[in-house]
Structures are given as structure tokens and as C-alpha cells.
Amino acid sequence: RCPAASPQALEDHYSPSRWSPRLDRDTIIDAHLAVTAAGADGGAGTGVRSVPRRRAAPPLPAGTERARASGQTLLHVPYGDGDGEKLDIYFPTEPCDSECRGGGDGRGRGPGGHRLTPLCCAAFPALVYIHGGYWQCLSKDDSGFAAPPLVSRGVAVVAVGYDIAPKGRMDTMVLQVRRSLAFLQERYPSIRGIYLCGHSAGAHLAAMVLSTDWTEFRVVPDIKGAVLVSGLYDLEPILHTYVNDALSMSREVAQRNSPVRLVTPAALAACEVLVAGRWSWAPCWAPLSPQALRAAGWSVSLLDLAAVDHFDVIERLSEDSYVLTQVGRRAVPGR
């Protein structure tokens with residue numbers, strides 16, 4: 001738990017824009033948006049808060065545009081009825097006949113009448129990326145930058161959308177991400193394992209997925225691994241910071257959505273968990289206790305990344321030589 005006592009100290013501790021030695025606190029957000037959410041007017045401005053201003057109808061970020069142009073995609077796939085409940089799927093092109101290996105009707109339709117795609121037909125592993133943004137900004141449309149290095153090696157990449165605050169509440173966001181995975185497994189049963197990757201708020205949501213009681217759903221996703229990058233796993237300390245202005249969490253909501261309180265016996269026996277970040281600069285963002293996870297039967301390892309901050313720790317996933325990209329490739333076997 002963060003030792004900070006004063007309100008200002010808490011604001012500082014939970015403002016990653018103040019930690020980076022790479023750029024000053026007034027420009028770090030703009031630099032991040034230039035990679036994952038292009039637009040010169042996206043910065044936070046104050047330097048204290050790390051939540052960008054909302055942008056009206058921004059252009060696609062360059063990384064997402066390149067990813068969508070360089071391979072075969074399915075965009076805005078609904079996994080529910082909500083406006084934010086959609087997926088973007090990036091996958092390698094592989095020849096597929098209309099019968100979908102015996103599972104189709106000869107007219108490009110599979111079980112339930114849904115349109116067949118290469119992802120239905122081939123046994124791709126799928127990495128599911130859950131974006132950050134302090135649960136109140138960014139979207140799946142800012143998440144394509146991470147796809148090309150994995151897609152080029154035969155791994156499908158799925159960017160999850162969810163309703164961010166203030167429209168979305170914490171309980172709702174957690175449920176939406178869980179439902180997106182159940183949908184993915186049910187709609188595309190040939191997927192050869194699901195691997196989660198979340199950054200910041202997305203790492204929190206991915207960690208919440210690992211505590212899911214899947215008996216409440218019609219299917220159990222075949223989750224084989226999770227990479228949690230610079231996540232926030234105890235929500236109580238942010239209740240009295242600017243972060244909660246849009247979230248409006250009560251203490252009870254924060255507690256039931258804090259992964260540190262939900263370390264349960266591993267239900268996913270084959271799931272490998274990697275917790276990554278740079279905690280020497282952010283003691284309040286300390287990782288989930290590996291001892292507690294291992295005691296509960298989880299296979300877990302830590303990766304303390306040097307020479308990165310809260311933002312470029314995930315931005316650099318587009319680089320083939322980046323250590324986290326390489327770790328991800330080893331963790332997610334290609335076809």
C-alpha cells in the first residue's frame with residue numbers, strides 16, 4: 001500500500017505523467033497519443049493528471065491505421081448490445097474453404113449462421129489486448145499499434161472495446177471484458193488458446209478476468225497466459241484522487257474490483273502469468289504479490305523493465321527488438 005498521506009502526494013503517486021525522465025510532464029501524454037491515439041490536442045495539460053482530454057472524431061492513430069492496412073481484419077465485431085461492446089480482430093491470412101473444414105453450410109456460414117472467417121477456420125492462437133487510459137479514455141481504435149509483430153508470426157490479435165467512464169462503471173467494465181472473452185471462445189472455437197495482454201487499467205481488467213467464475217457464462221475461455229503491464233491492482237487508494245472523479249467508485253466497488261483481494265486458487269491450470277513494469281519509480285503501483293499467486297497455484301513471473309516509463313513500456317510493443325515484444329512472442333506460440 002502506498003505510504004503517501006496527503007491528498008497532493010496521492011495525486012502525484014497516481015499521475016504517471018510526473019514520473020518519466022524521458023519527457024516533461026506537460027508533453028508526455030501528447031507523445032503517448034502520437035503513438036497510440038494521434039492528435040496534437042490530446043494532452044492532459046496540467047501535468048498532474050494522466051487522463052487525456054477527450055477528442056472529437058480523431059483520425060485513426062498511425063499504428064492502428066498501418067495494422068488495419070497490412071493484414072486481414074474484422075472490425076467493430078459486436079460481442080454485446082452496448083455501444084462500446086465491440087472487438088477489432090487482426091489475423092494472418094490463411095486460405096480457407098467455404099466449408100470451414102466441415103463446419104460450414106457451403107455458403108460461407110457456420111454454426112448459428114454467423115459468417116465464416118479465416119479465424120473460424122484456422123487454429124490460430126489469439127492475443128487479446130485490453131487498452132489502458134485510467135478506465136476513462138482511449139479505446140480499441142487506439143490498440144492496433146501492437147498487432148503487426150504478432151500477426152506476422154501467425155498470432156491473431158483482438159482489441160477489446162468497453163464502455164469507459166463516466167458512461168461505464170467499474171463493475172460494468174469488468175463484466176464487459178469477461179463477456180468479450182466468452183464471446184470470442186464461443187464464436188471462434190478453433191482458437192488455439194487465448195493470451196491476455198493489458199496495460200495500466202487494461203492490466204487491472206485482465207487481472208480481474210483471471211478471478212472470473214466462468215460457471216456464470218455459457219463457455220470457459222481457453223486462457224493460456226496473461227501479460228499484465230504496469231497495472232493498478234488495488235483500487236482503494238485512488239478513491240480520493242482525481243482518477244475517481246469520473247469513475248465515482250464507492251469503497252465497496254473498489255474493494256470487489258481489486259485483484260489484490262481476489263487471489264483465489266488457480267482455476268486455469270495451464271495459465272502462465274507475467275507481471276511486468278518499472279516499479280522503482282512507482283512504489284504505489286507495486287505488482288501483484290508473486291508469493292500469494294504462487295501459493296494459490298498460479299504460475300507467475302515478474303519482469304522489472306529498465307529504461308522505460310509508464311507510457312513507452314507499452315508503446316514499444318511495435319518494435320521487434322523490444323524485450324517485452326520478444327517475451328510475448330515466446331509466451332504466445334505462433335501457428
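A nonpolar core is taken as a set of buried Ala, Val, Leu, Ile, Met, Phe, Trp, Tyr and Cys residues joined through side-chain atoms within 4.5 Å. Buried means under 20% relative accessible area, exposed over 50%, and partly exposed in between (1.4 Å probe, protein chains only). The model is predicted: local features need pLDDT of at least 70, side-chain atom pairs count only at pLDDT 80 or more, and totals for chains, interfaces and linings use all residues. Residues are numbered from 1 along each chain as its sequence is written, and side-chain values use heavy atoms, without hydrogens and water.

The largest nonpolar core holds 65 residues, of which W135 and L196 touch the most other members. Helix 6 (residues 170–187) gives the largest share, 8 residues. Helices (H or I, at least four residues) and strands (E, at least two) are DSSP runs, numbered from the N terminus. Another core, of 26 residues, lies apart and includes Y195 and V332. Beyond four places in sequence, W135 touches residues including M170, M173 and L205; contact means heavy atoms within 4.5 Å.

Helix 6 also carries S180. S180 is buried, at 1% relative accessible area. Leaving aside neighbours within four places in sequence, S180 contacts Y79, L87 and V160.

Eight strands form an open sheet, in the order 1-2-4-3-5-6-7-8, with mixed pairing. Two strands pair if DSSP finds at least two bridges between them. Strand 1 (72–78) and strand 8 (299–304) are at the edges; each has a single partner strand, so one side of each lacks a neighbour in the sheet. Strand 5 (residues 194–199) and strand 6 (residues 223–229) run parallel, joined by 6 bridges. L196 stands opposite A226 in strand 6.
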